[in-house]
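This report looks at how the chains of one assembly meet.

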There are 4 protein chains.
Amino acid sequence: MKRIGIGIVGGGYMGKAHAVAMSAVGAVFDTPLRPVLEMVAASTPESAARYRDAFGFRQGTADWRDLVAAPEVEAVVIASPQATHRPIAEAAFALGKPVFCEKPLGASLSDARAMVAAARDSGCVNMVGFNYVRTPATQFARRLIAGGEIGDLVWFRGEHTEDFYADPAAPASWRTEGEANGTMGDLAPHMINAALALAGPITSVMAQIDTVHTDRGGVAVTNDDQAQMMCRFASGASGHLFFSRVAHGRKMGYAYEITGTKGAIRFDQEDQNALWLYRAEGPEAGRGFTKILTGPAHPDYAAFCQGPGHGTGYQDQIIIEARDFLAAIASGKAIWPTFEDGLAVSEIVAAARSSHAARAWTDLRSFQE
Amino acid sequence: MKRIGIGIVGGGYMGKAHAVAMSAVGAVFDTPLRPVLEMVAASTPESAARYRDAFGFRQGTADWRDLVAAPEVEAVVIASPQATHRPIAEAAFALGKPVFCEKPLGASLSDARAMVAAARDSGCVNMVGFNYVRTPATQFARRLIAGGEIGDLVWFRGEHTEDFYADPAAPASWRTEGEANGTMGDLAPHMINAALALAGPITSVMAQIDTVHTDRGGVAVTNDDQAQMMCRFASGASGHLFFSRVAHGRKMGYAYEITGTKGAIRFDQEDQNALWLYRAEGPEAGRGFTKILTGPAHPDYAAFCQGPGHGTGYQDQIIIEARDFLAAIASGKAIWPTFEDGLAVSEIVAAARSSHAARAWTDLRSFQE
Amino acid sequence: MKRIGIGIVGGGYMGKAHAVAMSAVGAVFDTPLRPVLEMVAASTPESAARYRDAFGFRQGTADWRDLVAAPEVEAVVIASPQATHRPIAEAAFALGKPVFCEKPLGASLSDARAMVAAARDSGCVNMVGFNYVRTPATQFARRLIAGGEIGDLVWFRGEHTEDFYADPAAPASWRTEGEANGTMGDLAPHMINAALALAGPITSVMAQIDTVHTDRGGVAVTNDDQAQMMCRFASGASGHLFFSRVAHGRKMGYAYEITGTKGAIRFDQEDQNALWLYRAEGPEAGRGFTKILTGPAHPDYAAFCQGPGHGTGYQDQIIIEARDFLAAIASGKAIWPTFEDGLAVSEIVAAARSSHAARAWTDLRSFQE
Amino acid sequence: MKRIGIGIVGGGYMGKAHAVAMSAVGAVFDTPLRPVLEMVAASTPESAARYRDAFGFRQGTADWRDLVAAPEVEAVVIASPQATHRPIAEAAFALGKPVFCEKPLGASLSDARAMVAAARDSGCVNMVGFNYVRTPATQFARRLIAGGEIGDLVWFRGEHTEDFYADPAAPASWRTEGEANGTMGDLAPHMINAALALAGPITSVMAQIDTVHTDRGGVAVTNDDQAQMMCRFASGASGHLFFSRVAHGRKMGYAYEITGTKGAIRFDQEDQNALWLYRAEGPEAGRGFTKILTGPAHPDYAAFCQGPGHGTGYQDQIIIEARDFLAAIASGKAIWPTFEDGLAVSEIVAAARSSHAARAWTDLRSFQE
């Protein structure tokens, strides 16, 4: 089987996840290419060497430019801080290399736009790491909606809530500094992408963005703790999105409730192997939400286990991403979500910030080129 | 024991509930007064006679004025259409009779204001029928919050969602006509009252109100199917409220999620005997939402059953209301929620309608006299 | 409407529940008779007077014989300790009065047999207080099974678990003395009755009965804390029943799981307004347990509330019993569950005790006359 | 890092799972050895070649003897039918190679005994594939119990229920033939192992084993569809185990409920990222089962994800097994569960079969050498 050299920029949380995924994907799926962990880039030679050994890369480097330039690196995975996404992607595209970029696409709307342009100009395969839409349950939800199973949508409620900064006594850190690391910058993109994937384009938003704890241990907090927005979809449906890093009790509150004219869907990532489906069919006495456990009958599940209800987890989503990235490279055809999809998310983030500042409904068209 | 003659205006859904409650309350609770079902008023002599016999009243009348005027009717329960609330209450107060009025207080903000004024001028006991805040679980939630158990509130999400009009093919009816019968008029008051009871005063709102199905069987729908509002509480917390009669799968979706700096609370009326409490205490490994089943340790439960987890239901909430109404009459002191509390809800409904029309954040002060 | 004088023996937990039920039932349901609370019997004149005033009886007595004999008492509800069930019932039947008896039918199998004989000889209406099978959810489950919705049964698992004696430091009391007050005597009858009602006759049992805490504060415990039995149904299905008063965390763990050849049903009284139904129908990808919230489409719900999902509670089950008892009296025809049904439960309790002693499978026929 | 050549016998369901696990484990965990997929053995040269290519092995063979004998295969994973477990393990041990064997240890009690003897004689590292006890939740449950958090155990209820043969019309197959492939042979070992791991040794059992559908499409079914057993633990606790392949609606019903004198634990593999813990502590009003979502604070979770609630899945359990097997090999010290633990399970299976045949309580000592 044809091999492909993979370079991963970043060896932290997401860098490791991608290294594991690239190690496992060939055995899990019938991939057209077999990935080889060629090089990892990190911030120091020491960390690069550590990641290389820990994850099984052939080489490590403290300079991502080396990684991008290395001929044996044939595809680049960007799992480094947001501000670095754009230059790395641009450099890779300039060399004709496919790029997988962690969400959000860039640290700003202008970065995202530039990255889409660079991708388009290069003709290279590109993809954004919105892993949560890859669970069998959410893929299945997407199919159900696309197939009209719950009719025309009338309402979408989504949230991405966690509690890692819920303790008011938690000290300031890099996470409490800079727009990109706040709730809108860091958590919102996942659920905005889900909203777009499940309910279609958003045409206007009305947002409220809050810093709940403005001071942490004497250090000023310069980004947001929680944010909400009402929105209108192109379909006419209305919706609400909520994001929080101070939501006590929520560990991975990536959840949505979608209502259509024929039924409804509910999902919560904290129980990611179940999808709740209501169909307005049959006798009233028998109606209710059905808790569907994912299994081989649902997208991408069977590769992980032949038995239903046995469950997939976080890491498996990244493996599915890796499968898609390799397939896109092999075919030369982009696979959703591409950089354009990432840009659509960035536009909404920008529109929400603008809406909050203006305290007014904001039309997305002002943020689309 | 001293007896008190009760007159109930209306014999439908809520009229029956109050008739049952007044029949049972004396045996359930140790009440200072024993209610006697004196008279029921309905729209025709036939229905009045039917309700009289079915529920065990001594008399029936087709004119609520007779009921209010009858000397043997010593307290009046209003369970008739919204537009009738004001004249009935005013007539009763004029005769010095205590009034229990179903929610919402009146059909409009001006009605609500007039009713508060009439109550105040008369010095009579008055109360509004926000029954859902009477469940042992929600009463307990209120105590937990008031006692600081989850710290300072940072977020409140509430909804009241049902699906009785979710079918697009359902024909028009009185429910699809007139502001008072729409979602904002009919469903919103319950959850707005809960928000105020649990999280304190709201200072501004930003609302979006939708008629999803504008035509039903060739008849124009003149009120709203779903509505949402973002809000700011006086405490600084932010929040979101959602109301819908087209929410497929939701039968009694009176639900809230409240986050504080020390914990969180979740509740859903569809499982009204459980309250979910998260406390940010103890080792991380042991934290999670605790599903607390209501029992004798919680407010008003023990009167219904000595065993925990045995459960109270819808009708029991009305019995608790009856107990409070009788206690208020006996003591001459108002018991929450009074007409003033009902007015606070009406102010928010009015502010939300105004916000929707203006597409702007709206300050509650403009709606408070 | 014709009135009927009710006498209730016992004013504690269940006596109160029946007093409330008799007060409310006429307003809740369209009953053929309107009950009047004539007399309550208690153990002392003081408690009798207290119950009389608290629950609204016309008279109180410290001797149940007075109650049974009083001409104005036209029907008798027995809610006193198990050992008193038989003499009270026999006395009432001797006077031709209908009897409602709290579960279990008698304190022993011979008591139960004598009570059935007395009922039969008198020709009087008789009924046993297995209230939990009266919830809309469990009535609906019974209909589903009878209607073949889940096919032929293959497995029944039931439990009745509570934790009121789970604390090893809890002191001894009347509850820890005597067979009748142990888990097999006190808790088991409810779920055994449910098993029979839902899955049909049991033909053999194999039981294990345990006293977990043999000493409480220096006092010997003379009855059982937990018990289990495997069983075989006449249908060929097998099953398991478990009972416990030491099951930490279980407050009202009356729960069952029933599997058939076409589907399955699950229920837990701690969430009594939901029934979970699995149907092996339609595409695999859409299958799962459907959480059906009870509503007007289910048995006896609509009388309590016109809206689905609003919920009934413990007290409402007793009201449903009262409705059935009154209907049986009016028609002169027994309504399930009769004393014969109560006897069937007593036979299983006796067989289980025998099986435990013999450490052997025990045939029910040995316990049936 | 030192490499170790892995040979896997079997390329089906479990063979693939182990191939994926060995591919990923080095990146997920800090392992002392880095596994290399040397050889896969299958039933034909074609399937061996297919597995080799699909999973990334260097070689494939149709004869497991070649695999065991190959010097580059330094450790053997047995994922082939039960009847082959013993000869493969014996051959590997004879060559001094560590063996990981899928559950159950052998196809019979005598096989299991022989395998334990062979392991002991060889001094080689050995381990059994009871993967479900490896979830972070169940590992945590084990720690909680061992740490006395729920006190002395009084009750253990476990089940392993699935519905892959629930349809009476499903045709016969190899699964409906032979003791080893029935419910007791195939499903029971997992939950028996969990019972032992969580609640300690079992001293006696009383079993009932059923073939529900004795004929499938005209072919006689020669093994069991469902089975139950009551049991007594050495601790004095009693318990119940249930196994079924005809449990409609259950997809992966590996579930347990454990009650102690100070609390209780509940778990269901269908929601494997949650453990429910009840502690009899603090005010009654605040007690309930806490739904703990697994996270980095729980065993082995952090290697998969730094965020709590993000979830692990089926495949991750196998990766944890691989980590333990490699650690055992590196240290030369057995890691639980060893072949001796597998034998303990086989003894209980044998005792249960004997109990069923004798319709009597059966002492485990008769099955222990």
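## Contacts between chains D and C

The side chains of D:K251 and C:E284 meet in a salt bridge, with nitrogen and oxygen 3.6 Å apart. The structure is a predicted model. Across the interface of chain D and chain C, the rule finds four salt bridges. It also finds 14 residue pairs in polar contact across the interface of chain D and chain C, both partners at pLDDT 80 or more.

Which strands of chain D each supply at least two residues of the side that touches chain C? They are β7 (153-161), β8 (202-210), β11 (226-233), β12 (238-244), β13 (253-260) and β14 (263-268). β11(D) gives the most to this side of chain D, with six residues. By class, the side of chain D that touches chain C has 18 nonpolar, 13 polar and twelve charged residues.

Now the extent of the interface. The size of an interface is often given as the accessible area lost when the parts come together. Between chain D and chain C, the buried area is about 3,200 Å². Carbon and sulfur atoms give 55% of that area. In chain D, the residues that lose the most area to chain C are D:M230, D:H248 and D:W361. Together they make up 20% of what that side buries. Counted by residue, 43 residues of chain D are in contact with 43 residues of chain C.

## How the copies are related

Two copies of a chain are related by a rotation about an axis and a shift along it. What rotation superposes chain D on chain C? A rotation of 180° does so, with 0.0 Å of shift along its axis and an RMSD of 0.0 Å. That is the relation of a two-fold axis. In chain D, the C-alpha nearest the axis belongs to D:A360, 3.1 Å from it. The same surface serves both copies, as 100% of the contact residues of chain D recur in chain C.

Chains A and B form another pair to compare. Chain A can be laid on chain B by a turn of 180° and a shift of 0.0 Å along the axis, with an RMSD of 0.0 Å. In chain A, the C-alpha nearest the axis is that of A:A360, at 3.1 Å. The interface residues of chain A are, at 100%, also interface residues in chain B, so the copies meet through the same surface.

## Backbone exceptions

Most residues other than glycine have a negative phi, and most peptide bonds are trans.

| Site | Feature | Value |
|---|---|---|
| C:W336 to C:P337 | cis peptide bond | omega near -5° |
| D:K103 to D:P104 | cis peptide bond | omega near -10° |
| B:D300 | positive phi, not a glycine | about 65° |
| C:D300 | positive phi, not a glycine | about 65° |

Where do these sites lie? C:P337 is in the loop between α8 (314-331) and α9 (339-358) of chain C. D:P104 is in the loop between β5 (99-102) and α5 (109-122) of chain D. The loop between β16 (289-293) and α9 (314-331) of chain B holds B:D300. C:D300 lies in the loop between β16 (289-293) and α8 of chain C.

Is B:D300 buried or exposed? B:D300 is buried, with a relative accessible area of 19%. C:D300 also counts as buried, at 18% relative accessibility. The cut-off for buried is under 20%.

Methods. Residues are numbered from 1 along each chain as its sequence is written. Chains are lettered from A and ligands numbered from 1 in the order in which they are written. This is a predicted model: local features need pLDDT of at least 70, side-chain atom pairs count only at pLDDT 80 or more; totals for chains, interfaces and linings use all residues. Side-chain values use heavy atoms; hydrogens and water are left out. Contact means heavy atoms within 4.5 Å. Buried area is the accessible area (1.4 Å probe) that two parts lose on being put together, summed over both. A polar contact is a pair of N or O atoms within 3.5 Å; within protein, one must be able to donate a hydrogen and the other to accept it, and residues adjacent in sequence count only if both atoms are side-chain atoms. Helices (H or I, at least four residues) and strands (E, at least two) are DSSP runs, numbered from the N terminus. Ala, Val, Leu, Ile, Met, Phe, Trp, Tyr, Cys and Pro count as nonpolar, Asp, Glu, Lys and Arg as charged, and the others, Gly among them, as polar. Buried means under 20% relative accessible area, exposed over 50%, partly exposed in between (1.4 Å probe, protein chains only). Copies are superposed by least squares on the C-alpha atoms of residues with pLDDT of at least 70 in both.
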